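Hi everyone, thanks for coming. Please have a look at the structure on the screen, and then I'll walk you through it.

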Amino acid sequence: MTNPLGNSNRARQALPTPPSGWPVGSYPTYAEAQKAVDYLADGQFPVQDVTIVGVDLMQVERVLYRLTWGKVIGGGVVSGAWLGLFLGLLLSLFTTSGAFGPLLVGLVGGVIFGVISTSIPYAATKGQRDFASTMQLVAGRYDVLCDPKSAEQARDMLARLAI
């Protein structure tokens with residue numbers, strides 16, 4: 001996970017490189033590894049020497065629900081309506097005759113666009129993928145690595161943390 005408040009990592013590494021360092025902790029979840037690094041940070045440890053590495057990566061697809069024509073068309077109507085209302089609102093800013101006409105045109109056009117843009121891909125699958133899902137990249141475990149110069153200190157600090 002990246003830190004949105006700083007881009008110091010971008011200047012340090014331009015290309016992906018394998019992680020280096022000595023293991024100072026291993027955790028079954030990312031949240032626990034993150035908690036360990038946060039504990040080190042709270043203890044004034046130089047966390048720029050620490051890396052969290054996901055090991056045994058897996059691509060996990062979680063099935064959400066079964067797709068039907070009703071759900072596909074309904075989803076297209078809803079997403080198209082939002083898009084159409086937004087475009088209609090933008091159009092109404094540039095008209096002097098009132099906001100109702102552009103909003104109505106945007107709504108109708110958005111619904112038509114939404115239904116078409118969801119129905120064609122669903123029909124193209126020909127029943128081969130009748131479900132909706134999300135994909136995640138997860139790890140079997142998360143190792144916390146540290147530069148050798150400060151690994152012993154990190155290991156000692158994490159030994160006091162009860163996760």
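This is a predicted model: local features need pLDDT of at least 70, side-chain atom pairs count only at pLDDT 80 or more; totals for chains, interfaces and linings use all residues.

Residues are numbered from 1 along each chain as its sequence is written, and side-chain values use heavy atoms, with hydrogens and water left out.

Helices (H or I, at least four residues) and strands (E, at least two) are DSSP runs, numbered from the N terminus. Two strands pair if DSSP finds at least two bridges between them.

So, in what order do the three strands of the open sheet come? The order is 1-3-2, and the pairing is antiparallel. At the edges sit strand 1 (22-27) and strand 2 (50-66), each pairing on one side only. From one strand to the next, the twist averages 30°. Strand 1 and strand 3 (residues 131-146) are joined by five bridges, and Tyr27 stands opposite Tyr142 in strand 3.

Now the helices. For the angles, axes are lines fitted to C-alpha atoms, for helices over the stretch in contact, and angles run from 0 to 180 degrees between N-to-C directions. Contact means heavy atoms within 4.5 Å. Helix 2 (residues 30-42) lies across strand 1, strand 2 and strand 3, at about 145° to strand 2.

How do helix 2 and helix 5 (residues 148-159) pack? Their angle is about 110°, and their axes are 10 Å apart. That is why the two helices count as roughly perpendicular, a label for angles of 65 to 115 degrees. Helix 2 brings Ala36, Tyr39 and Leu40 to the contact, while helix 5 brings Ala154, Met157 and Leu158.

Next, the core. A nonpolar core is a set of buried Ala, Val, Leu, Ile, Met, Phe, Trp, Tyr and Cys residues joined through side-chain atoms within 4.5 Å, where buried means under 20% relative accessible area with a 1.4 Å probe, protein chains only. The largest one has 17 residues, and Val24, Leu40 and Leu158 are among those touching the most other members. Strand 1, helix 2, strand 3 and helix 5 each supply at least two residues of this core.

Finally, Val138 lies in strand 3. Leaving aside residues up to four places away in sequence, Val138 touches Asp56, Leu57, Met58 and Val60.

Definitions and conventions
Angles under 35 degrees count as roughly parallel, over 145 as roughly antiparallel, 65 to 115 as roughly perpendicular and the rest as oblique. Buried means under 20% relative accessible area, exposed over 50%, partly exposed in between (1.4 Å probe, protein chains only).
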